[in-house]
Amino acid sequence: MSDEFTLRPAPSEVVRRDWRLPLVAAGIWASALAGLYGSVASGLVTAASCAALVVAGRRWDRGFAAALTTVAFGGILGAGVTTAHVAARDHSGLAALTAAEARGEAELVLHTAPKPSTRRPDLVTATARLQSFTAEDVALEGHWQVLLVASGGEWREAAAGQRVIVPAVVREADPGRLTAAIVSARGPPEPAGNLSPPHQIAAHVRERLATAVEAVPQPEAGLIPALAVGDTSMMEPELAADFRSTGLVHLVVVSGYHLSLVVGVVLAVAVACRAGPRGRVPAGAVAIAAIVVVAGPQPSVLRAAVMAGMTLLALAAGRPRAATPALATAVLVVILADPDMAAQGGFALSVAACVGLVFLAFRWARPLEHRGWPQPVALAVTMPLATQAAVTPLLVGLGSGVSLVSVPVNVLAALVAAPVVVLSVGAAAAAAVWVPAGAWAAQAAAVPARWLVWLARTGSEVPGALVPVPGGLWWGLGSAAALALLIVLLHLRRLRLPLLAVLAAAGLGMIPACVMTGGPPSGWVVTMCDVGQGDALVLPAGEDVVVVDVGPDPAAVDACLDALGVDRIALLVLSHFHIDHTAGIGGAMEGREVAAILAPPPGEARYGYELVEERAGEVPVLEAEPGAVFAFGATRLEVLGPPAELLSGTRSDPNNNSVALRAEVAGTSVLLTGDVELEGQRALLGSGSALQADVLKVPHHGSSFQVREFLEAADPAVALVGVGKGNEYGHPDPGPLAVLEGVGALVFRTDEAGRITVSRNGSDFEVRTEE
């Protein structure tokens, strides 16, 4: 006779997970986020309500009531700190100036170095502190967080930490952040004073590294500074977009991964030198401080320093359960130090990734280790899976799209990620002392960097690599619930193998679907790509296509052309050289043959012209002349404008001198109007050209600068408007849309419908939209 029994540890040996700090952190985060969207009064009400709940719950020491009290305690802290910041943000004097869009002289301290705007590459943006603003009848002094928007090459030379004086206009900022105003610079910066020693060190290291990587060919030369210190200014825009779409972007921003590698190398050297704990801890602290100084005290850098540092210390100490309160402590410290973090999507994604690592990655690695997998190999597989599972609901909620290639690409990237980051950081450190040494290290880093470049480019070219999602709270919550259910079911042994088989079959089934999808429908006439606030249209041209404008974003137009299966562009038409029509040219030409470019004279839009000139290379550029005709298979293009004698003295000469085309696609007419405004439309009306068309590309994104008679003369069945969601220009204007609807046109907008494809079979038009 035998008895079955289980050995249990003594109660004193049982380690229970302490949820108090995570609950406090949750309360701080929630109250800070609410406070950013409120006022001082609402913040005080929130703090008082949480205080009352804490007082009422003093006797609750367990269960849901105790947890609620703990969250409320965090709410007091978060609401109190955020309310103090909101009181400074909502300064009545500054609010009056922003409401009036006052002009004056601003004194700013740049918090980050100016970087090109993703929406408008001719502009640069930076976060800054507004120290003073002097208008005609008022002078204000303070320390307000602002968003700087500027243009001009001088701003690209400005460094973080620099104090500048500049003529500017102050405007109201978007709600939900601590940004008190948008400062639009109206001239070049005038430096006032010298950089602080930390900023001087950072500038010195970046300049020396930029010199050292000149020994390396592109695109690796632009990638190494990004891997080392998060400086993406030298990266090719197309490569940066590929890193984003394949989930490798965490390698080109300073993150906890960078800090763990750098600190790990430093500690390994300290151990090799037989340094004790008193020597190793200061060495690690110096390494973290050096990364923060060189990369700049930006929010992402500070977030990584606090969160990754505390989490990795807990794990390194052999107490993985301590990672939870350590992560919670990092969250509450960061938000209390800067409540603006509570509203930043990047902060939420960073926290979610850490949660995935702490709660899922190591647990999922154990079964693989039990099957004989080495721990590093097991973690190389489970860490990308865990982080992807954790961040997917947020990506869905934010509408950022979900990458289907992120996990395999990151698994393959793990082969070289650690050495390439360490070598890149080493190149920066060596170059700061001696540039030739930095050049040697950069050449060594370029070898594994080529693998990352290949992975990013190859992964981004996979059809359907980035799945667009509608975004919104309910989509995010729904995806979170679905993933949670899937993870729970996978932990049930009886269901694990069947579920994995179903998932594998679904994945294999998606491969031919992804490969075979794409391409235009039968009877295709024209497609308007969704490129944000800009234009990009594609028409058939026999076996090739005609592309009219390329939008502001290389990645967006590249994805659209990929979806249509475009390999060769017979004619690339640039209606004019404003960057919302030209900045995406790199994406259109990436991996595609372009036979010729048709464009007007550049006029005042020099930046866009220089961008096109640089990317066009040896592609012939034809000047648009009225009456010129181009034929490609069943497609015929006639140039209607600009007039032989260019318009001048208009509200916008580049807009009014846009290339205007009338296309005939197998008998269906399309009127492509660029950004012609009042004068340009009147010129077309007076030219005697045939303007009636089945499909109209509405001029200038549907702005208010429309001639009613022009829209009525076009008399389209379908009208297309290329416009970005929530754009600052208020496009499209309701007036022109009402005119078009009045003549019987169906109006489609890319901000509402996404990519729009018009096809015709017989007398019937079909319009397909794809978000």
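Val-265, Val-269 and Val-422 make up a nonpolar patch on the surface of this predicted model. One of the three, Val-269, sits in helix H9, which covers residues 256-272. Val-269 has a relative accessible area of 47%. Buried would require under 20%, and exposed over 50%. Val-269 is therefore partly exposed.

Helix H15 brings buried residues into view. This helix spans residues 406-413. Ser-406, Val-407, Val-409, Asn-410 and Ala-413 are buried there. Look down the axis of H15: its buried residues fall within an arc of 165°, so they line one face of the helix. An α-helix has 3.6 residues a turn, so residues three or four places apart point the same way.

Now turn to strand E10, residues 524-528. How many of its 5 residues are buried? The count is 5 of the 5, so E10 is largely enclosed by the rest of the structure.

E10 also pairs with other strands. Strand E24, residues 755-761, runs antiparallel to E10, and 4 bridges join the two. Strand E11, residues 537-541, pairs with E10 over 2 bridges, also in the antiparallel sense.

In E24, Thr-527 stands opposite Thr-757. In E11, its bridge partner is Val-538.

Key. Residues are numbered from 1 along each chain as its sequence is written. This is a predicted model: local features need pLDDT of at least 70, side-chain atom pairs count only at pLDDT 80 or more; totals for chains, interfaces and linings use all residues. Side-chain values use heavy atoms; hydrogens and water are left out. Patches are made of residues with over 30% relative accessible area and no salt bridge: like charges are joined within 9 Å, nonpolar side chains (Val, Leu, Ile, Met, Phe, Trp, Tyr) within 5 Å. Accessible areas come from the Shrake-Rupley method with a 1.4 Å probe; for residues, only the protein chains shown count as cover. A salt bridge is a side-chain nitrogen of Lys or Arg within 4 Å of a carboxyl oxygen of Asp or Glu. Buried means under 20% relative accessible area, exposed over 50%, partly exposed in between (1.4 Å probe, protein chains only). The arc is that of the directions from the helix axis to the C-beta atoms. Two strands pair if DSSP finds at least two bridges between them.
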